[in-house]
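Q: I am new to this structure. Please walk me through how to read its features, step by step.

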Amino acid sequence: MNKHKMITEKGNSRMLMLFGQLEKLNRESMLVDPEIARQITAKILHLIQTQEKTRKEIVSKGSSGMEVILATLENTQDLQSILNILYILNELLTVGGGRRIGVFVSKGGTGILLQLVISASKESPPSEEVMLQLHSVLAKVGPKDRKFGVKARLNGALNVTVNLLKQNLQNYKLLLPCLLVLQVYSSNTVNAVSLGKNGVVELMFKIIGPYSKKNTSLLKVSLDTLGALLKSKTNAQRAVVHVPVLLYIYQDWHRNDTRHRHILIRKGILGCLKNITNIKLGRKAFIDADGMRILYNTSTECLPVRTLDPLINTSSLIMRKCFPKNRLPLPTIKSVFHHQLLRVPAGGPVAQLYNQPLGMDDVVDESDNNEDAEAENDMENEVEEKDHHAGNDDIETDINKLRPKETHSRPFEELKIYERFFMELSEDFQVFNFDNPKKGVTATPAAPKSHRPIIVPTTQALPPKNPTECPHPAPVPALDLDTINITKDQDGCGDHTHSRPHPGAGLEQELVQGLERVALDGAGPQVGGGGGNKHKRQPPILAGGVAARLGGEGEEMLAEDWAEEEESSEEGVLHVPDTALLLPLHDPDLYVEMVKSTSSVPQFSEVAYPDYFGHVAPTSREHILERVYGVQRTKIFQDIERLIHPNDILDKVVYDLDIQSCPVVDGGESLKFNSQFESGNLRKAVQVRKFEYDLVLNSDINSNHYHQWFYFEVSGMRVGAPYRFNIINCEKSNSQFNYGMQVLMYSVQEAISGRPRWVRTGTDICYYKNHFSRSSIAAGGQKGKSYYTMTFSMTFNHKDDVCYFAYHYPYTYSTLKMHLQKLEALRTPQTYLREDVLCETLGGNSCPLLTITAMPESTSNDQICQFRNRPLVFLSSRVHPGETNASWVMKGTLEFLMGSSPLAHSLREAYIFKIVPMLNPDGVVNGNHRCSLSGEDLNRQWQNPSPELHPTIYHTKSLLQYLAAIQRAPLVFCDYHGHSRKKNVFMYGCSLKETVWETNISATSCELHEDLGYRTLPKILSQMAPAFSMASCSFVVERSKEATARVVVWREIGVQRSYTMESTLCGCDQGKYKGLQIGTRELEEMGAQFCVALLRLKRLTSPLKLRNNAHLLDVDSDLMETRCKVSSTPSTYLLEDEEASFMEEVDYSAESGDEPDNDPNTADPHDNHLSDSESNNHRDSLT
């Protein structure tokens, strides 16, 4: 050991001596004999080759060794000395990684090497060994020097390398380092274009070739260099003619590389094809060269070998990119339905929509915009990253806009008309009968009767006599509900004086015991011609589906069978579970009455089974679906097969709202679809294969986009058949369907059997970009955009079933009206409940406004004063129709508020609640996802709502303005929403301080003074509500959200605790419900927990409690400390529906085994809404 130490010290001293001698020679300008320099550099090289510590010493901090070496290289003219130094640099930089190269670059080494390239090129002939060593060093240094390409171009080294390459195509030893340097040069866009003009692209095709066991390293580098050059569109155009050659070469390597030793070469060929097909000409050349079939066949052969996944991924990406762009199979992307507005703003979206020339709204865009290789990796990594950084630009930086307004925008005289909605603030109860309190409360206004016929869930319509007679189909017999008498069975089968179910009784048993038999009395349309003919009752009609069949063995009844049955029985019957036993707020009869008074643009005349029967939450928990490896790849390859094997495609339209006059009839080989009921959304269904269907959603009315919400009916299925459904016009770039969310299904057969419920279902669920081109008109002017496919597979368990599928648990406007009437029946004498009609919507539906609080105990002045001075809480929900989970949360809130528990009573005594449970009734009724009938997102109209176009927002804001004007602004404002791309339940709030923290603007401490009370309610919820996640909350104000309810109420009304509460559509990744999909039980629980949190907030902020429970208020300081710890957290830049930038990266191309240049660490480390499982998934790429 001591001997080794002595040798090392001796070596170090020798090295110092040698560097001293070399430095002395540099000062003497090399006037001495060059042999001395040769000897010194040779000795230094020997020490470096034999002693690792010597190499470390040269590049260590404080050492001048690197400067001496570079100075010698710059000054010497001796060939051998130059070679010795280049050998030294190669030894130094080969080991040690980026730190040593960083030292070299910082000392100006790159410039010296490039200058030496120029000098060496002037020799005649240039020294091959010098050029070899120079380019070897440059190949190591170049990737670490950001300005390498610019330096090389400016001093002329770029052309030297190209000329050297051209002159040494057969000199493989020199060719390899030159290609490595060329690859680095090409990473600079300007250099790549210059190299292309200099013929380098054509040069590369002289180097690459078919399968060979020789010079594989050279071929690999050549392909990587060519791939880098082809990232330039100009170079890609030059290479278009070589697409057949690349395909041939790829086939040859695929065929001969049977042991898969050269995967990187095969991947390099695909990389070149990928970059060429980024341009339109390249895609055409690929199709013309039969590239789709070639890559499809080779990829299929690679499927059994897991290590070949990178080849399958890239092949899949290329094929999908080259799949010819198609327009959606629709006559127009505008909604099927149109609502005529009384006033159409000239610059508004509706005017722009309908001023478009015919045929111009959905033009296939084959442009190359947004398709550069840097962006077109089809995994959205860069796109998501750009969106995320753009989020920081969206944060509001104007401090004046981050402060509440001190003046009111509307005169009080104008607001006085809203006084009638606040009778409780002036009510003296002098004429109130405390012995019969219900007489003193405003009753819910009776719904106006509608005399249009409504079709209720009973039995199936008769098929037409002659299916081929399409031009004049027989009208479907509809029953007018005003003439229907729904009666109970008289045979004693059911005892209808039920007591409440015993808590210990099982859910199934309760439902089975509660089965009722509902009969429909009344005559249908007359069958036959003459007046002497007998009136025969038509079979009662289900909402487009299949009934509780009266025929045997599940077969449909024919007309003759029905006539025979009519003679032996007075009425047809339908078994309906008595869900009222478990659903006190659901009544099928009342629901039908509510449907009659609901106005819809399509004039729906049917009632969907789930809305009629009701929904009982399942007792079992539904876990987040774990996706099977390879499923997305399989689905994509099935899509590609449509082009490869076109004869296998049926392309049969089985449902089409655009051609309602000619219903589709077949011989039972296809499924039947329907969506013509309240909240339904399905525009078209196309049978692609025997068990596969493409589904197209309808745009929001008066719009040409917003496709996400779906709700439709399916019947005519075969038991056990593997059906695949593809919703092909989704718009969002990602979805929780990629992270375990399932669609919802409601089976009528299950409901009749005593299980009336929506269940999560579907397997092989994927969400990915497809080949349907999205019009730039519908994409905000962006070109080159595509739609996305949400696909799932389904196997049905019951023959002749009717099943409904939905994006989330449906909650219709008629359901709300029914619930509100049932709530009135729950009111106790101690509860003050008033329902007003806030306004009428554009579609003629009323917007309810609820007032809930506790009745005063007496008419004494103290009691009345306490009653009037209770703080107000203002709640709203369902501004976005597709966010049905918001209504379920609101249902939980309303039921808790109207409950008889001590907590509910205390809450009513603590606050006056003003609630608008559905801000967008028209959107809900008509199956919209986002907009109202004005074609606009109502949650972007709060700054300046129009009373004609946005009446619900206008009048709701007016209520708040009135409260602010009388100094009674709400203590809490909360708008319930649903979130499609994040898990858990969380809140968005508004904070001046936290917004400024996320920006670079400077502000004094007095400007940032802010009460931290806005964080208290979310913190309370995080402690008590298992689905709530404080980590997902954000209190940053963005410019793009300045017209939302949350921000406007905070700024203009001055409500500090102004929130948007977002509920996931998927499930939870933390807490008690971690790994579970969210259901109606959890959503309603969240609504109730919100109420309890308000009660705790009241107790925390009560002056009396401040003295007794002062320690509880330390929560605010704790919140501040927590916030300070994560102050570097980036802004939750929200997307178009209160959504944070979604960083869960998905491999839209196929499987895992992603390309190494897609760094998984690009995801933001602070993006705390990602679960651990999702973090792992996006690193490995979802499959």
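A: Start with burial. A residue is buried when its relative accessible area is under 20%, and exposed when it is over 50%. Keep in mind that this is a predicted model.

Q: Is Phe 725 buried or exposed?
A: Phe 725 has 0% relative accessibility, so it counts as buried.

Q: Which ring does Phe 710 pair with, and how are the two planes set?
A: Begin with the total: the structure holds 39 aromatic pairs. In one of them, Phe 710 pairs with Phe 712. Phe 710 has 2% relative accessibility, so it is buried. Phe 712 is buried too, because its relative accessible area is 0%.

Q: What kind of pair do Tyr 723 and Phe 725 form?
A: A stacked pair. Planes under 30 degrees apart count as stacked. For Tyr 723 and Phe 725 the angle is 20 degrees, with 6.3 Å from centre to centre. Tyr 723 shows 3% relative accessibility, so it counts as buried.

Q: Where does Arg 306 lie?
A: Here a charge is set against a ring. Arg 306 lies over the face of Tyr 629, 3.5 Å from the ring centre. Lys 982 gives another case: its charged end sits over the ring of Phe 986, at 4.2 Å from the centre.

Q: How many disulfides does a search of the whole structure find?
A: Look for paired cysteine sulfurs. The search finds zero disulfides. Some cysteines can still be read for burial. Cys 178 has 1% relative accessibility, so it counts as buried. Cys 1033 is buried as well, because its relative accessible area is 12%.

Q: What is the mean pLDDT of the protein?
A: pLDDT is the predictor's confidence in each residue. The mean is 78, and 72% of the residues reach 70 or more. Over residues 1-11 the pLDDT is below 50. Beyond near neighbours in sequence, that stretch has three contacts in the model.

Q: Where else does pLDDT stay under 50?
A: Look at residues 459-577. The model has 212 contacts for this stretch beyond four places in sequence. Read confidence and contacts side by side.

Note on methods
Residues are numbered from 1 along each chain as its sequence is written. This is a predicted model: local features need pLDDT of at least 70, side-chain atom pairs count only at pLDDT 80 or more; totals for chains, interfaces and linings use all residues. Side-chain values use heavy atoms; hydrogens and water are left out. A disulfide is a pair of cysteine sulfur atoms within 2.5 Å. Buried means under 20% relative accessible area, exposed over 50%, partly exposed in between (1.4 Å probe, protein chains only). Rings of Phe, Tyr and Trp (its six-membered ring) pair if their centres lie within 6.5 Å; planes under 30 degrees apart count as stacked, over 60 as edge-to-face and the rest as tilted. A charge sits over a ring if NZ of Lys or CZ of Arg is within 6 Å of the ring centre and within 35 degrees of the ring normal. pLDDT is the predictor's confidence in each residue, from 0 to 100. Contact means heavy atoms within 4.5 Å.
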